[in-house]
Structure formats: structure tokens, C-alpha cells
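Grab a pencil and have a look at the protein shown here. Then try the exercises before you read the solutions.

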Amino acid sequence: MDTDLLFGIVVTLAVVAIIAVLVLLATRARRRGVAGRAMAAAMAAYDEAVHTSAHDAWVAAQEQGERAAARPSPEGR
């Protein structure tokens with residue numbers, strides 16, 4: 001009976017430790033912005049296959065962002 005209790009405690013602590021590490025990694029990835037583009041690209045691929053109008057909206061938003069970034073200010077010369 002004591003070994004079963006000890007085994008249960010060890011398994012519980014291992015699961016808690018794994019969850020804590022994953023939460024820390026997720027927090028760090030969100031803070032650094034590492035996962036944002038990858039998730040956006042994955043959702044765009046899904047939207048292209050399943051929801052074509054959502055994919056069209058995503059493409060339009062990407063093009064609009066690129067256009068705004070590429071246009072230099074006329075006063076910046």
C-alpha cells in the first residue's frame with residue numbers, strides 16, 4: 001500500500017512539473033512573439049482548405065500590411 005501511494009505522489013508531481021514547464025515555455029514564446037507568425041500561417045492554411053472567404057480576408061490583411069510598410073513618407077527626404 002505504501003508503494004502505491006508513493007508511486008501516485010511521484011506521478012502527480014511529475015505531471016505538475018511538466019505542466020509548469022509547458023506554461024513557462026508558452027509564456028516565454030508569447031512574450032518574445034515567436035509563435036505568432038507560425039500560428040497565423042497554420043490557421044491560414046486551415047482557412048484556405050475549409051473557409052475560403054476567411055483565407056481571402058487573411059490574404060487581403062497581409063497585403064494591406066505590406067502596402068502600408070512599403071510606402072515611404074514624402075517628408076522623410
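The model is predicted, so to speak of local features takes a pLDDT of at least 70, side-chain atom pairs count only at pLDDT 80 or more, and totals for chains, interfaces and linings use all residues. Residues are numbered from 1 along each chain as its sequence is written, and side-chain values use heavy atoms, with hydrogens and water left out.

**Exercise 1.** Work out how many helices and strands the protein chain has.

Step 1: Look for DSSP runs, numbered from the N terminus (helices: H or I, at least four residues; strands: E, at least two).
Step 2: Count them: you get 3 helices and 0 strands.
Step 3: Read along the sequence and you find α-α-α.

**Exercise 2.** Find which element has the lowest mean pLDDT and which the highest.

Step 1: Recall that pLDDT is the predictor's confidence in each residue, from 0 to 100.
Step 2: For the protein chain, the average is 80, and 84% of the residues score at least 70.
Step 3: Helix α2 (residues 34-50) comes lowest with 74, while helix α1 (residues 2-32) comes highest with 90.

**Exercise 3.** Is Ile 19 buried, partly exposed or exposed?

Step 1: Use the cut-offs: buried is under 20% relative accessible area, exposed is over 50%, and partly exposed is in between (1.4 Å probe, protein chains only).
Step 2: Ile 19 has 48% relative accessibility, so it counts as partly exposed.
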